[in-house]
Amino acid sequence: MKIKKYIALTMPEAMKRIREDFGNDGVILNSKEIRTGGFFGFFTKPALEVIAAHDPDPYTQMETIKPNKKRPTAPVEDNSHVIETAVVNDRIQNREKTVKGETDHQGPLPGLPHPIEGINKWLITQGFQSELRRKLIDQMLRKWYQAESDVEAKRSTEKWLEDCLLQLLSDYRFGEFNYEKKYLNLIGPTGVGKTTTIAKIAADTVLNKKKKAAMITTDTYRIAAIDQLKTYAELLNIPIEVAYNSDDFKRAKQKFADFDIIFVDSAGRNFKDCQYVQALKEIIHFDTEMENYLVLSLTSKLPDMLQVINQFTEVPIHKLVFTKKDETDTFGDLFNVIDNTGLDVAYITTGQNVPDDIIEANPTYIVSLLLEDRNKDV
């Protein structure tokens, strides 16, 4: 394991340098103010001393930290999510079969007007699956043949594309956590940025929404994950509890009973490990007071994202969070996932900076992500 000390004016600056040296696998071991300080530029601070580390195989010590296997928690009485998740599961399994044969149908569609054929090719480069792509092209063709002239049609194709994409998203719900429930739990595979994302949402909650917040972490597997979240909690001046097992989680809930909102950071594990979700269910109480957001990276492959969602269908997934927007230029899979699963979207993160690099998801913003580079070239 490599360990390095950084001196920086702000935590974002330190994390940027850590990322440059260690990539996305770097974790913060310790952080302290050398003098009096504040929070990420909100208040002045002379400097921060941050100790970071990188282990190329962080799971070699996993067996030394295991949650105690207590009796399973009582079944959740509210099973309203079961039908919904079963439908999502069925759709994903069907779509996974389609994904495997997708390349057989990604060629040009015959007989298209030249402007629409150009859009069709562009949708292929953006990663749109053939079924969804053909749905969009069919809608545009109807508009093309309803136009009064070819001149009008050619002038309108880009606007039609935007309208069709917005229409595609019109049946889904978007937007940030609305605080109707007391717990917000972020779940997902390792390396997608759950801890950083929960810190961003917590920062907005405390600094902008003025809510009384606390944190519970069950991430006792990843090296220094607890210290990393503790750093954010200290900077936000909110309490944090570590839950190694179900009893710890119950005690933390009781301790924070009078808080407005409790953020739960769950362990990130290999999404192919079938025991991962079961281990989560043994520690975390997925009751009616909890909203669960599944975090996915936009840099992941579509079959992997679908498999992740399929793996988590035993847990009620309320919304998705897409991370690492700044690390990709193709956003077709964002549309593919929404279309395949019918799940709603809460946030999109745009970088590593806390608390700034997070956007409340909405159809206009998502479509603009996709069309940004195209509009430069058209």
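Lys324 counts as buried, with a relative accessibility of 10%, where buried means under 20% relative accessible area, exposed over 50% and partly exposed in between, using a 1.4 Å probe and protein chains only. Lys324 sits in the loop between E9 and helix H11 (332-341), and although it is not a glycine, it has a positive phi of about 65°. Lys210, which is not a glycine either, has a positive phi of about 60° and is found in the loop between H6 and E5, but at 63% relative accessibility Lys210 counts as exposed.

The model is predicted, with local features requiring pLDDT of at least 70 and side-chain atom pairs counted only at pLDDT 80 or more, whereas totals for chains, interfaces and linings use all residues. Residues are numbered from 1 along each chain as its sequence is written, and side-chain values use heavy atoms, with hydrogens and water left out.

Helices (H or I, at least four residues) and strands (E, at least two) are DSSP runs numbered from the N terminus, and two strands pair if DSSP finds at least two bridges between them. On these terms, eight strands form an open sheet of mixed pairing, in the order E6-E5-E7-E4-E8-E9-E10-E11. Strand E6 (240-242) and strand E11 (358-360) stand at the edges with a single partner strand each, so one side of each is left without a neighbour in the sheet. From one strand to the next, the twist averages 25°, with axes fitted as lines to C-alpha atoms (for helices over the stretch in contact) and angles running from 0 to 180 degrees between N-to-C directions.

Within the sheet, strand E5 (residues 213-217) pairs in the parallel sense with strand E7 (residues 261-265) over five bridges, and Met215 stands opposite Phe263 in E7. Helix H6 (residues 194-207) lies across several strands, including E5, E7 and E11, and runs at about 170° to E7.

A nonpolar core is a set of buried Ala, Val, Leu, Ile, Met, Phe, Trp, Tyr and Cys residues joined through side-chain atoms within 4.5 Å. The largest has 51 residues, and Leu165, Leu294, Leu296, Phe322 and Phe335 have the most contacts inside it; helix H5 (residues 150-169) gives the largest share of this core, seven residues. Apart from it lies another core of 29 residues, among them Leu229, Ile240, Val295 and Val354. Val354 is joined to Pro355 by a cis peptide bond with omega of about 10°, and Pro355 is found in the loop between E10 and E11.

Conventions
Contact means heavy atoms within 4.5 Å.
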